[in-house]
Amino acid sequence: MMQTALQVLDREYLEARCSLVELGAAFDRVDRASDHEENTGKFNDSRLELLKQALGILTEESHLPNRAERLLLLFSDLD
Amino acid sequence: MQIIQPHYHAIARTAQDYERMAMSGVVAVAEPAFWAGFDRLYPETFIDYFRQISEFEPTRAADYGIKHYCWVGVNPKEAENPELSHEVLKQMPEFFKKPTVLGIGEIGFHKTTKNEEEIFEAQVEQAIKYDQLILIHTPHLQDKVRGTKRTLEVLSHMNVNPERVWIDHVEEHTIREPLEAGYWVGFTLYPITKCTPKRAVDMLEIYGHERILVNSSADWGPSDPFTLQECIVQYRARGYSVQDAIEIFHNNPVRFMGQNPKFDIKPVRLETYEESRSSLVEN
C-alpha cells in the first residue's frame, strides 16, 4: 500500500458516511411506501433480507479485507 | 420547465455552466456572499467582492438570458475576525440600494463560536434595521446540529419575522425545528457532504412543499449545479406533475425572494389553450 490507514480513512470517510445515510434513506423510503399501501401486514421481499445480511458483513471483524468480495457473493445466484 | 437556482456561487463557476443552466430552463440565480476558500485580510476585498456579485455578475448571467440576484454579508468562517467583520458591516448598507441585492446572507455559524455569534447578531440587527431578507448558512457535517440549534436560539431573542428568514443546508436531522418555527428552509444538494437529490425528494414527501427551497449551491469545491435538475428528475420520476415541480423549483423561490420587490419574477402556472380560452369566456 502506498498510503497509511489514516490517509485512506481521510479520503474515504465522507464518501462512506454518505453511502450509509443514503442506505438509511432507502430503507426509510421502502417503509414509507409500505405504510401507504392498503395491504395489511409488513412488506416482505427477499432482497430486503439480503440487504440486512449485507449490513452484518460490513460490521463483522475479519482477518482478511474481503468484505466487497463477500458482499458480491451474497448478492450472487450460486445454485 | 422554468427553474430558479436560489443559492448559486456564480463567481466560482464557468460561463459554460450558465449556458448549460440556461439550456436546462434556469431563468434566474441568486448568489449569496460566501467564503472564498481563504480568509480575506482587508475590508476592501469584501467590498470589491460585493461589487463583483452585484454589478459584474448580472452582466455575465444576462449573456445567457439568466437574471442574477445576490446577497451581501460576512460569511460565518470569516466572522471569526470581528474587527474585519465590523468594518465590512459599516459599508454593507450602500449595497442594499443596488437593484439586484436581495438581503443579507449567507450568515450564521461555522464552528458556533462567540465571535461568530457576535457578527451573526450584528448582521441580523442590520437586516431588521434596513428591512432586508436574511439567508442563514448552517454548519457542515458534525457541526450542523449544534449550529442550527444555536441559530434558532439567537433568532428567538431577536425581532425577526420568520417568513423573511431562510435557514439553509438543512437535512433530515435539522429540518423540523426551523420549519415548525415558521422559517423557510433550504436543501443544498451536494454530491457527498450535504443532501442528495433523492433524500431531498424524500423530505419534500414528508414535509410538503411549503416554505422549502432546493438549491445546488455550486461553489469552488466538489459540487455540481446540475444536482438541482437531477432532483427535479427524481421528483418527476416518483409521479409528481410538472406543475408540482414548478411550485417547488420555480414558484417557491419566487415566493420567498419576491418578498423583496427587486426580485421581479412572478409565479408561473401551466395552462392548456382550452383552459386559457374558457377562463377568458368566464371573465
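## Starting with a salt bridge

A salt bridge is a side-chain nitrogen of Lys or Arg within 4 Å of a carboxyl oxygen of Asp or Glu. In this predicted model, B:Arg164 and B:Asp131 meet that description, with their closest N and O atoms 3.4 Å apart. B:Arg164 sits in the loop between α5 and β6 of chain B and B:Asp131 in the loop between α4 and β5, so their pairing ties together parts that are 33 residues apart in sequence.

The two partners have quite distinct surroundings. B:Arg164 is buried, at a relative accessible area of 18%, whereas B:Asp131 is exposed, at 56%. The backbone of B:Asp131 deserves a look too: its phi is near 55 degrees, a positive value in a residue other than glycine. For context, most residues other than glycine have a negative phi, and most peptide bonds are trans.

Over all chains, the count comes to 29 salt bridges. One of them joins B:Arg150 to B:Glu117, with the closest N and O atoms 2.8 Å apart. Here helix α5 (residues 144-156) of chain B supplies B:Arg150 and helix α4 supplies B:Glu117, so this pair also ties together parts that are 33 residues apart in sequence. B:Arg150 is partly exposed, at 28% relative accessibility, while B:Glu117 is buried, at 14%.

Another salt bridge links B:Lys97 with B:Glu94, whose closest N and O atoms are 2.9 Å apart. Both B:Lys97 and B:Glu94 are exposed.

## Where chain B meets chain A

How many residues of chain B are in contact with chain A? There are 11, and they touch nine residues of chain A. The two chains bury about 950 Å² between them, with 56% of that on carbon and sulfur atoms. On the chain B side, B:Leu141, B:Ile192 and B:Arg199 lose the most area to chain A, together 49% of what that side buries.

In one of them, A:Arg29 pairs with B:Asp202, the closest N and O atoms being 2.7 Å apart. The chain B residues that touch chain A divide into four nonpolar, two polar and five charged. Four residue pairs are in polar contact across the interface. Salt bridges that share partners also join A:Glu22, B:Lys144, B:Glu171, B:Glu172 and B:Arg199 into one network.

## A covered strand

Is strand β7 of chain B mostly covered or mostly exposed? This strand, residues 184-188, is mostly covered: five of its five residues are buried. In a regular strand the side chains alternate between the two faces of the sheet. In β7(B), B:Trp184, B:Gly186 and B:Thr188 lie on one side, B:Val185 and B:Phe187 lie on the other, and all are buried.

The strand has a parallel partner in β6 (residues 165-167) of chain B, with two bridges, and another in β8 (residues 212-215), with four bridges. In the pairing with β8, B:Phe187 has B:Val214 as its bridge partner.

## Inside the helices

B:Val124 belongs to helix α4 of chain B. This residue is buried, with a relative accessible area of 0%. Beyond its neighbours within four places in sequence, B:Val124 is in contact with B:Ile107, B:Ile134, B:Leu155, B:Met158 and B:Val160.

In helix α1 (residues 15-23) of chain B you will find B:Asp17, a charged residue that is buried at a relative accessible area of 6%. Leaving aside neighbours within four places in sequence, B:Asp17 is in contact with B:Tyr8, B:Pro225 and B:Phe226.

Further along is helix α8, whose buried residues include B:Leu228, B:Cys231, B:Ile232 and B:Tyr235. Among the elements that cover the buried residues of α8(B) are β1, β2, α7, β8 and α9 of chain B. After α8(B) comes B:Gly239, with a positive phi near 105 degrees.

B:Ser217 lies in the loop between β8 and α8 (227-237) of chain B. Its phi is near 60 degrees, a positive value in a residue other than glycine. At 2% relative accessibility, B:Ser217 counts as buried.

Which residues does a cis peptide bond join? B:Gly105 and B:Glu106 are the pair, with omega about -5 degrees. B:Glu106 is found in strand β4 (residues 101-108) of chain B.

How values were computed
Residues numbered from 1 in each chain as written. Chains lettered and ligands numbered in written order. Predicted model: local features only at pLDDT ≥ 70, side-chain atom pairs only at ≥ 80, totals over all residues. Heavy atoms only, no water. Contact = heavy atoms within 4.5 Å. Buried area = accessible area lost by both parts, 1.4 Å probe. Polar contact = N/O pair within 3.5 Å; in protein donor to acceptor, adjacent residues only side chain to side chain. Buried < 20%, exposed > 50% of the residue type's maximum accessible area, 1.4 Å probe, protein only. Pairing = 2+ DSSP bridges.
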